[in-house]
Amino acid sequence: MDEKEFLTELRAHQGIIYKVVSMYATNDEEKKDFYQEIVLQCWKGIGGFRGDAKFSTWLYRIAINTVLTLRRKKNILQFNELLPDAGFEPPAVFDQEDRWQLQAAIRLLSETDKAMALLFLDGYEISEMAAIMGISAAHTSVRMYRIKQRLAKIIHSKQHE
Amino acid sequence: MSEVKTWKQWQPVDDLLEQVLAAGRPRLSIHPIAKLQSALFQHLVWSSFITVGYMLLLLASDYWQVWLGLLAAIGFNSVVIWKGIKLYRGLQKITLADTALLPLLQQFLDNCRRWEQLQYRLAVWVYPLAIAAGYLFGGTMATGLPIHYLLQQPLFAWGLPIIVLSLSIAGYFLARYLFKRKFGRYIKQLQANLVD
């Protein structure tokens, strides 16, 4: 993949970078640091991208590995920006309020659980999630079950507040 | 599930990200792996310079006692450099696109700890010899007198064990402090990420 193709692919999949970063960044400065580091790591790793995996999966892996190993402040939720609507027409069943609730709930999960929730929401299978996270499929399956339960509990309690 | 479907379809665009992409390839990494790599490289360069310095001192001295101490220090540095190069190469192989980054990082951190411990263990044996060599070499250079004559002088002879003992202990703790200062922060950061 040449430089031009790489940048085109990166732009086409920038939503992945945004979704991951928005779940981990605690402020604008950290958000920019994450963006820069992910883009840099993509440049560094592009030579090793053989095309046997989808570009989106490869990008997800780099984005998640970067935020999980770069984050400096743990569990400090100061960054309350809502997810933007650009490029998306929300259907009635999943409006701005639902998405905000889901985003807020995901942010309450542990760092690796956040990554797994993101992968699940983007439609990855258990085996793919296990490969990206570097853990066994059985462990991923059990953990995903608990994450869903926890998310449901958080959203339910928020709705009844 | 409708949430999954819509989340997957949703492709947000952020101006800040667009700016980063438009700026081309970022130059400096702030990642602890890159910082560790840089610190390790500097460490290897300095250790190599110091080892060459010891070799030059070896050539400048005529006494076997000094040679012994310097050879011990050169041997110690060579082992540390050799192990450090292996560690550096291992770190170079790790990329954030790795499928199992966390186990790889854990392996690297384990190797790093072993390297640190090796230095401390060797230091216990090497520092006294190297300090004694430095003391004797300094004595002969400053006075122009031979070692056997200097060792017959009570002040110089008593000074030897005192200097060796005090500087070995100080050197050991200084080495620990410098290692923690140079690498500790990044190792701690990566370690904290592995705990979750």
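**Figure 1. Helices α2 and α4 of chain A cross in a right-handed manner in this predicted model.** A crossing is right-handed if the near helix is turned clockwise from the far one by less than a right angle, and left-handed if anticlockwise. Helices here are DSSP runs (H or I, at least four residues; strands are E, at least two), numbered from the N terminus. The axes of α2(A) and α4(A) come within 9 Å and cross at roughly 20 degrees. Axes are lines fitted to C-alpha atoms, for helices over the stretch in contact, and angles run from 0 to 180 degrees between N-to-C directions. The two helices are therefore roughly parallel to each other (under 35 degrees; over 145 counts as roughly antiparallel, 65 to 115 as roughly perpendicular and the rest as oblique). On the α2(A) side the contact is made by A:Ile16, A:Ile17, A:Val20, A:Val21 and A:Tyr24. On the α4(A) side it is made by A:Ser56, A:Leu59, A:Tyr60, A:Ala63, A:Ile64 and A:Val67. Two residues are in contact if their C-beta atoms, placed from the backbone, lie within 7 Å. By class, this contact has ten nonpolar residues, one polar residue and no charged ones. Ala, Val, Leu, Ile, Met, Phe, Trp, Tyr, Cys and Pro count as nonpolar, Asp, Glu, Lys and Arg as charged, and the others, Gly among them, as polar.

Residues are numbered from 1 along each chain as its sequence is written, while chains are lettered from A and ligands numbered from 1 in the order in which they are written. Because this is a predicted model, local features need pLDDT of at least 70 and side-chain atom pairs count only at pLDDT 80 or more, whereas totals for chains, interfaces and linings use all residues.

**Figure 2. A:Leu59 lies in helix α4 of chain A.** A:Leu59 is buried, with 25 other C-beta atoms within 10 Å. A residue is buried if 20 or more other C-beta atoms lie within 10 Å of its own, exposed if 12 or fewer, and partly exposed in between. Leaving aside neighbours within four places in sequence, A:Leu59 is in contact with A:His13, A:Ile16 and A:Cys42. A:His13 is 46 residues away along the chain, yet the C-alpha atoms of A:Leu59 and A:His13 are separated by 8.1 Å.

**Figure 3. Helix α3 (residues 28-45) of chain A packs against helix α4 (residues 55-70) of chain A.** The angle is about 130 degrees, and the axes are 9 Å apart. α3(A) and α4(A) are therefore oblique to each other. The crossing of α3(A) past α4(A) is right-handed. From α3(A), A:Phe34, A:Glu37, A:Ile38, A:Gln41, A:Cys42 and A:Gly45 take part. They meet A:Leu59, A:Ile62, A:Ala63, A:Thr66, A:Val67 and A:Leu70 of α4(A). This contact has eight nonpolar, three polar and one charged residues.

**Figure 4. A:Phe6 sits in helix α1 (residues 3-12) of chain A.** A:Phe6 is partly exposed, with 15 other C-beta atoms within 10 Å. Not counting residues up to four places away in sequence, A:Phe6 touches A:Met1 and A:Ile46. The C-alpha atoms of A:Phe6 and A:Thr57 are separated by 14 Å, and these residues are 51 apart along the chain.

**Figure 5. Helix α6 (residues 111-121) of chain A is largely enclosed by the rest of the structure, because eight of its eleven residues are buried.** The buried residues are A:Lys114, A:Ala115, A:Met116, A:Ala117, A:Leu118, A:Leu119, A:Phe120 and A:Leu121. Just after α6(A), A:Gly123 takes a positive phi of about 85 degrees. Across chain A, buried residues make up 35% of the 161 residues.

**Figure 6. The domain assignment divides chain A into domain 1 (1-81) and domain 2 (92-161).** These bounds come from an automatic or database domain assignment. The contact takes eleven residues from domain 1 of chain A and ten from domain 2 of chain A. On the domain 1 side, α2 (14-24) and α4 of chain A are the elements that give two or more residues. The largest share of that side, five residues, comes from α4(A). By class, the domain 1 side has seven nonpolar, one polar and three charged residues.

**Figure 7. Chain B meets chain A through 33 residues of chain B and 44 residues of chain A.** On the chain B side, α1 (2-9), α2 (15-22), α5 (101-143) and α7 (154-195) each supply at least two residues. α1(B) gives the most to that side, with six residues. The chain B side has 20 nonpolar, eight polar and five charged residues.
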